[in-house]
Amino acid sequence: MSTPLADPASAQYATNPPRELPKRRGTELVLLAFATFIVTVALVLVEANQEQELTSSIIWLGLSYLAVLTAAHLAVRRWAPYADPVILPCVALLNGLGLVMIHRIDLALAERALQQGREYTPDVTKQVLFTAISLVLFVVVLVVISDHRTLTRYGYTCGLVGIVALALPAVLPSSLSEVNGAKVWIKLPFFSIQPGEFAKILLMIFFASFLVTKRDLFMVAGKRIVGVELPRARDLGPILIAAAACLGVLVFEKDLGTSLLFFGVTLVMLYVATERIIWVVLGVGFFAAGAIIAYNLFTHVQQRVRNWIDPLATYDDPGGGYQVAQGLFGLGTGGVGGTGLGAGRPDMVPEAKTDFITTAIGEELGLIGLTAMLMLYLILAMRGMRSALAVRDTFGKLLGGGLSFALVMQIFVVVGGVTNLIPNTGITAPFLSRGGSSLLANYILVALLLRISDAARKPAVRPKPQQPQAPLAEAHTVMVQRPPATGEGSPS
């Protein structure tokens with residue numbers, strides 16, 4: 001009769017070894033191929049409707065897109081083999097549709113420039129270059145950050161750098177930081193960068209690490225009023241600092257979108273850490289009070305609100321509702337089914353490649369196409385939150401939840417602004433809009449999500465099976481004879 005194993009876990013592994021979890025990289029590759037097929041068909045439709053022929057630009061754009069996707073897939077296969085197989089294809093399809101719409105608007109603007117006798121430089125070439133650079137940075141993040149928990153060591157450093165990056169455009173002269181009335185840029189001789197896009201990721205890392213170490217502080221209840229346990233007054237510091245920072249961004253940088261995004265993500269991460277709805281209620285109250293104060297003090301906030309209430313009333317005013325009204329006209333023209341790729345007039349909307357690219361999609365793909373695009377964002381955010389729930393450490397849960405919600409919040413602010421649900425904020429749609437800073441920052445965000453997802457799906461290390469040992473009462477006694485000592489002078 002065999003002796004039973006001393007460790008039950010070891011016995012389980014010996015009798016029923018666990019099955020290796022599938023990595024699902026093949027599924028990811030198939031989905032990436034499907035995304036490439038959709039983008040290629042969209043390019044063909046644009047060229048057929050605009051140029052009435054298929055040009056060589058389709059081959060160039062299609063091969064470039066396929067090359068960068070293949071590189072990204074191989075990097076994930078090598079450095080994050082257990083990552084969620086749906087996240088990268090969703091990002092690839094969104095990025096590809098953004099390239100298609102930028103190319104489509106380039107064709108319309110190039111035709112207009114030709115009629116006016118001007119030269120026009122297309123933006124899609126730059127966007128493909130930014131996509132390639134973003135994917136290089138994406139791979140670097142996957143290689144350097146082999147474990148997301150190492151970021152907790154640099155939490156306060158990330159917070160300091162994030163605050164500096166967020167505040168730097170406000171202290172620079174307008175000639176170096178202001179574009180279209182918003183001071184959110186750093187304009188250098190050869191390129192421009194929007195530091196706030198990177199600051200949001202750094203601040204989420206800081207806030208996640210801060211909440212991990214100080215979570216018990218926010219769980220302590222204060223006075224009970226009308227059945228609600230309010231936080232203690234001395235524990236309101238972080239939320240007051242976040243509200244003050246957002247109000248400062250709104251006042252000095254005239255950037256409503258960034259302030260709303262940052263404060264919303266802060267409240268959600270605080271709620272996830274404490275599971276106390278009172279923090280969300282207090283946060284919304286502080287933000288509402290700050291917004292009322294800003295409306296009464298600053299004219300640019302009043303102008304945004306007037307454009308929101310009735311864009312046609314301020315249609316011809318400087319900085320008025322012309323852009324919002326044109327976007328609404330485009331969405332109305334598209335209707336349910338859309339005009340068809342290449343058959344609309346999205347170039348009639350100012351900044352159609354950046355802030356209002358979702359109206360271009362809504363005009364040419366209709367409500368159906370715009371809803372499908374929003375579903376892609378929803379799937380991307382849900383897979384990220386699913387990974388955050390499955391990961392084993394608290395820091396990963398908070399950071400993954402914050403990164404996923406940032407995508408949802410950003411697209412809500414964008415679509416809400418162009419559909420006049422909320423005041424227009426001037427923020428860009430992730431992966432769709434033209435712009436290098438947004439693309440770089442969002443690919444870093446996706447790399448961190450994939451790292452957290454890899455940690456969540458990676459199988460736990462199996463315990464080593466112990467050798468079976470007989471009970472002490474049944475162990476045999478072994479007599480050991482001491483060897484004779486050999487000293488000096490003893491016979492050899």
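In this predicted model, Ser 453 sits in helix H16, the helix that covers residues 436-457. What surrounds Ser 453, once its neighbours within four places in sequence are set aside? The remaining contacts of Ser 453 are with Tyr 82, Ala 83, Asp 84 and Ser 387.

Helix H4 takes in residues 87-115, a run of 29 residues. From the first C-alpha of H4 to the last, the helix reaches 43 Å, which is close to the 42 Å expected at 1.5 Å a residue. How many of the residues of H4 are buried? The count is 23 of the 29, so H4 is largely enclosed by the rest of the structure. After H4 comes Gly 117, a residue with a positive phi, near 75°.

The chain holds 16 helices and 6 strands. It has 492 residues, and 46% of them count as buried. Contacts across the sequence can be summarised too: among those between residues at least 6 apart in sequence, 73% join residues at least 24 apart. As for the surface, the chain exposes about 25,200 Å², and 66% of that area is supplied by carbon and sulfur atoms.

Conventions: Residues are numbered from 1 along each chain as its sequence is written. This is a predicted model: local features need pLDDT of at least 70, side-chain atom pairs count only at pLDDT 80 or more; totals for chains, interfaces and linings use all residues. Side-chain values use heavy atoms; hydrogens and water are left out. Helices (H or I, at least four residues) and strands (E, at least two) are DSSP runs, numbered from the N terminus. Contact means heavy atoms within 4.5 Å. The expected span of a helix is 1.5 Å times one less than its number of residues. Buried means under 20% relative accessible area, exposed over 50%, partly exposed in between (1.4 Å probe, protein chains only). Accessible areas come from the Shrake-Rupley method with a 1.4 Å probe; for residues, only the protein chains shown count as cover.
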